[in-house]
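Colleague: I would like to learn how to read a model like this one. Please take me through the features in turn.

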Amino acid sequence: MAAPMVSHLLGAINGFLASGRYHEALSVLKGLRNGAVYGIKIRAPHALVMTFLFARGSLPDKLRAILRATYTHSRNLASFVFLYKAMLAVMRLIEGKGQHIHPAIAGFVGGYLIWGENNKVNSQINMYLLSRIIFGFVRLLVQKNVIKEPKKDPFPLYAAVVWAIVMWQFETFQGILQPSLQSSMNYLYHDSNIWHNLRDFLIYNK
């Protein structure tokens, strides 16, 4: 008895979803779902690796840190996608169609309300996005013929400048860098100056 009822219910749900009705509202809900899932996929492996490589404390403390970072990333991404898509839908409804300024307005509001809290997860995501939008603006300037496309690939010069600046900052003003970057660079460049025997030369760090 239960199986036919479940089958009938699933058929009704699938028919409703395939009908195209309430597409805007359902799009917002699926955005919420995708944000939560993507946040877990991205943050959980990263938090796992970084915590066990660099964090100190007991195993329960490390597991709690991993879960906390994963939850924060997933919650914030889901909340932002939900708010962003909902605001776009409302603005389209009010004005009759989408405008170029709508994504910027929705992004500004969502960025302030959701990504504006100064914590480790938000800091990493905002810095990641900053590097991407700088690249995007440069490409846009080339597309709009504001600047000429370089005849030679500028990437080697770009890489040289980035690494020159970050190494100078690390060796001279390390405290201004993000803590996770400091930990990574200390592990690579400073911890490799310390050893006492074969054990901490090859097997363990120090």
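Modeller: Start with exposure. Buried means under 20% relative accessible area, exposed means over 50%, and partly exposed lies in between, with a 1.4 Å probe and protein chains only. Asn145 counts as exposed because its relative accessible area is 68%. This is a predicted model, where local features need pLDDT of at least 70, side-chain atom pairs count only at pLDDT 80 or more, and totals for chains, interfaces and linings use all residues. Residues are numbered from 1 along each chain as its sequence is written, and side-chain values use heavy atoms, leaving out hydrogens and water.

Colleague: Where does Asn145 lie?

Modeller: First, the elements. Helices (H or I, at least four residues) and strands (E, at least two) are DSSP runs, numbered from the N terminus. Asn145 sits in the loop between α5 and α6. Its phi is near 60°, a positive value in a residue other than glycine. Val146 is found in that loop too, between α5 (120-143) and α6 (155-172). Val146 is exposed, at 56% relative accessible area.

Colleague: You mentioned salt bridges. How many does a search of the whole structure find?

Modeller: A salt bridge is a side-chain nitrogen of Lys or Arg within 4 Å of a carboxyl oxygen of Asp or Glu. The search finds 2. One of them joins Glu24 and Arg92, with the closest N and O atoms 2.8 Å apart. Glu24 lies in helix α2 and Arg92 in helix α3 (residues 59-95), so the pair ties together parts that are 68 residues apart in sequence. Glu24 is partly exposed at 37%, and Arg92 is partly exposed at 30%.

Colleague: Where do Arg64 and Asp61 lie?

Modeller: Both are in helix α3, 3 residues apart, about one turn of the helix. Arg64 is partly exposed, with a relative accessible area of 46%. Asp61 is partly exposed as well, with 37%.

Colleague: Next, rings. What describes a pair of aromatic rings?

Modeller: The distance of the centres and the angle of the planes describe the pair. Rings of Phe, Tyr and Trp (its six-membered ring) pair if their centres lie within 6.5 Å; planes under 30 degrees apart count as stacked, over 60 as edge-to-face and the rest as tilted. The structure holds 8 aromatic pairs. Among them is the tilted pair of Phe16 and Tyr22, 6.0 Å centre to centre with 40° between the planes. Phe16 is partly exposed at 31%, whereas Tyr22 is exposed at 53%. Phe135 and Tyr158 form an edge-to-face pair, with 5.1 Å between centres and 85° between planes. Phe135 lies in helix α5 and Tyr158 in helix α6, so this pair ties together parts that are 23 residues apart in sequence. There is also an aromatic cluster, formed by Phe80, Tyr84 and Trp115.

Colleague: Back to Tyr22. Where does Tyr22 lie?

Modeller: Tyr22 is in the loop between α1 and α2. Its phi is near 55°, a positive value in a residue other than glycine.

Colleague: Which side chain does a polar contact join to that of Asp191?

Modeller: A polar contact is a pair of N or O atoms within 3.5 Å; within protein, one must be able to donate a hydrogen and the other to accept it, and residues adjacent in sequence count only if both atoms are side-chain atoms. For Asp191, the partner is the side chain of Asn205, at 2.8 Å.
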